Amino acid sequence: RNKFILNHLSWPHESGDVATQSLNCMLALSSLQQNSDGIVISPNDKLRDICTRQLQEVGPGLHDMNLVAARDLAGALSSTSHPRTPHRMLQHTLMNLCAHPSFKVLSACSAPRMPERSVSF
């Protein structure tokens, strides 16, 4: 197989979101399960918690949470590229992490995390 598909899914907040958002997310996850080789899930509650506790953001918004998710994905995927065969490294990683077709759900996390104002220290 030449193409491997890795998708990212933002999981809705446990409370406070639109009533049908969880249902829509489950329908999307069902479709991704059938058509993807791997699915990285980022729960919004976890992203918000990282923003407030670790990054010390006051009232983080979607931009802040998306930035955390993007950095986690970038860190996880940066080790899957090689100048000569970039698609082969992702293929190899997905084949090892998602060895069985029924187990495709992944999570990504990076460390260290610190507020921007602490970087200069």
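Reply: Histidine 13 sits in the loop that links strand 1 to helix 1. Helices (H or I, at least four residues) and strands (E, at least two) are DSSP runs here, counted from the N terminus. Keep in mind that this is a predicted model: local features need pLDDT of at least 70, side-chain atom pairs count only at pLDDT 80 or more, while totals for chains, interfaces and linings use all residues. Numbering starts from 1 along each chain as its sequence is written, and side-chain values use heavy atoms, with hydrogens and water left out.

Histidine 13 is buried, as its relative accessible area is 14%; the label buried means under 20%, exposed means over 50%, and partly exposed is in between, using a 1.4 Å probe and protein chains only. Its side chain makes a polar contact of 2.8 Å with the side chain of aspartate 45. A polar contact is a pair of N or O atoms within 3.5 Å; within protein, one has to be able to donate a hydrogen and the other to accept it, and residues adjacent in sequence count only if both atoms are side-chain atoms. Leaving out residues up to four places away in sequence, histidine 13 touches Asn44, Asp45, Arg48 and Met65, where contact means heavy atoms within 4.5 Å.

Met65 leads on to the largest nonpolar core, whose seven residues are Leu47, Ile50, Cys51, Leu55, Met65, Val68 and Ala69. Such a core is a set of buried Ala, Val, Leu, Ile, Met, Phe, Trp, Tyr and Cys residues joined through side-chain atoms within 4.5 Å. Valine 68 is in contact with Leu47, Ile50, Cys51, Leu55 and Arg113, neighbours within four places in sequence aside.

Leu55 is also touched by proline 115, along with Gln54 and Gln56, again not counting residues up to four places away. Proline 115 is in the loop between strand 3 (105-106) and helix 5 (116-119), and it counts as buried because its relative accessibility is 6%. The C-alpha atoms of proline 115 and glutamate 57 are 7.9 Å apart, although 58 residues separate the two along the chain.

Three strands make an open sheet in the order 1-2-3, with parallel pairing; strands pair if DSSP finds at least two bridges between them. Strand 1 and strand 3 are the edges, each pairing on one side only. Helix 1 (residues 21-35) packs on the sheet and touches strand 1, strand 2 and strand 3, its direction making about 165 degrees with that of strand 1. Helix 2 (residues 44-54) packs there as well, touching strand 1 and strand 2, at about 55 degrees to the direction of strand 2. Axes are lines fitted to C-alpha atoms, for helices over the stretch in contact, and angles run from 0 to 180 degrees between N-to-C directions.

Strand 2 (residues 38-43) is largely enclosed by the rest of the structure, because five of its six residues are buried. Six bridges join strand 2 to strand 1 (residues 6-11), and two join it to strand 3. Isoleucine 39 stands opposite asparagine 7 and also opposite valine 105 in strand 3.

Overall, five helices and three strands follow the pattern β-α-β-α-α-α-β-α along the sequence.
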